[in-house]
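Subject: Structure handover

Hello,

Here is the structure I promised to pass on. Please open it first, then read the notes below.

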Amino acid sequence: MSDNSWRDMLAAERMRVDRQFEDRVQSSSFTRQQWGLVMTAVEFDVENPADPDAARLIADTSKLSSVMPQIKQMEQSGGAMGGAAGGGGGGGGLLSKLASVLPGGGGSGGGKRQREAESLAEEYAEKLQERLEKRDRWQSIREQAAQES
């Protein structure tokens with residue numbers, strides 16, 4: 001098996017959780033496109049895989065800061081193509097644009113938005129683990145993760 005074999009086992013379940021999680025994304029400040037970009041920077045890991053009682057799926061968001069500038073840029077350029085109701089603030093007014101070019105400016109990128117993305121990613125990981133448990137796949141994924149660690 002590949003080095004990511006247990007992660008590969010998540011693929012089908014992630015597609016189903018993606019669909020279930022759509023409402024949650026729509027109620028956030030992220031568009032679908034922005035959330036897709038967030039998820040490219042999120043990796044999943046199994047914490048304490050050898051301990052059946054303590055093991056849990058976690059979202060590793062350490063690479064999230066690398067996509068936040070792109071998310072901010074999408075927002076500023078009206079990247080909410082066909083924008084959903086919860087599709088992300090970027091009002092795009094003059095003051096907003098000026099603030100975004102100042103050092104540390106623009107409240108829509110980085111800090112607050114990154115914390116929101118981290119929180120959503122953790123919530124997603126919890127939903128994914130719940131689905132794996134309901135479908136009796138969690139134990140095999142946990143065991144495979146323990147073997148690979």
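The protein chain has 7 helices and 2 strands. These are DSSP runs, numbered from the N terminus: helices are H or I with at least four residues, strands are E with at least two. Along the sequence the pattern reads α-α-α-β-β-α-α-α-α.

Before the details, two notes on the source. This is a predicted model, with residues numbered from 1 along each chain as its sequence is written. Local features need pLDDT of at least 70 and side-chain atom pairs count only at pLDDT 80 or more, while totals for chains, interfaces and linings use all residues; side-chain values use heavy atoms, with hydrogens and water left out.

**Overall packing**

The chain has 149 residues, and 38% of them count as buried. Buried means under 20% relative accessible area, exposed means over 50%, and partly exposed lies in between (1.4 Å probe, protein chains only). Now take the contacts between residues at least 6 apart in sequence: 75% of them join residues at least 24 apart. A contact means heavy atoms within 4.5 Å.

**The core**

The largest nonpolar core holds 32 residues. Such a core is a set of buried Ala, Val, Leu, Ile, Met, Phe, Trp, Tyr and Cys residues joined through side-chain atoms within 4.5 Å. Trp-35, Val-38, Phe-44, Val-46, Leu-57 and Tyr-124 touch the most other members. At least two core residues come from each of α2 (11–26), α3, β1 (43–47), β2 (56–60), α4 (68–76), α6 and α7 (138–148). Helix α6 gives the largest share, 7 residues. In soluble globular proteins, nonpolar side chains tend to be buried together.

Look at Leu-57 next. Leaving out residues up to four places away in sequence, Leu-57 touches Trp-6, Phe-44, Asp-45, Val-46, Ala-125, Leu-128, Gln-129, Leu-132 and Trp-138.

Helix α3 has these buried residues: Gln-34, Trp-35, Leu-37, Val-38, Met-39 and Ala-41. Their cover includes α2, β1, β2, α4 and α6.

**Aromatic rings**

There are 4 aromatic pairs in the structure. Rings of Phe, Tyr and Trp (its six-membered ring) pair if their centres lie within 6.5 Å; planes under 30 degrees apart count as stacked, over 60 as edge-to-face and the rest as tilted. Trp-35 and Tyr-124 have ring centres 6.5 Å apart and planes at 55°, so this pair is tilted. Trp-35 lies in α3 (residues 32–41) and Tyr-124 in α6 (residues 111–134), so the pair ties together parts 89 residues apart in sequence. Both residues are buried: Trp-35 has 8% relative accessibility, and Tyr-124 has 0%. One aromatic cluster takes in Phe-21, Trp-35, Phe-44 and Tyr-124.

A charge also meets a ring. The charged end of Arg-113 sits over the ring of Phe-30, 4.2 Å from its centre. The test is NZ of Lys or CZ of Arg within 6 Å of the ring centre and within 35 degrees of the ring normal.

**The largest pocket**

What lines the largest pocket? The residues are Asp-18, Glu-22, Val-25, Arg-32, Trp-35, Gly-36, Met-39 and Tyr-124. Helix α3 supplies the largest share of the lining, 4 residues. Both α2 and α3 supply at least two. A pocket here is an open set of points on a 1 Å grid over the protein atoms alone, where a 1.4 Å probe fits, with protein on both sides within 12 Å along at least five of seven lines; lining residues have an atom within 4 Å of a point.

**Single residues to look at**

- Arg-142 is in helix α7. Arg-142 is buried, at 9% relative accessible area. Beyond residues up to four places away in sequence, Arg-142 touches Val-46, Pro-49, Ala-50, Asp-51, Pro-52 and Ala-55.
- Ser-65 is in the loop between β2 and α4. Ser-65 is partly exposed, at 44%. Ser-65 and Gln-114 are 49 residues apart in sequence and 7.2 Å apart in space, C-alpha to C-alpha.
- Asn-48 is in the loop between β1 and β2. Its phi is positive, near 55°. Asn-48 is partly exposed, at 41%.
- Asp-136 is in the loop between α6 and α7. Asp-136 is not a glycine, yet has a positive phi of about 55°. Asp-136 is exposed, at 68%.

Best wishes
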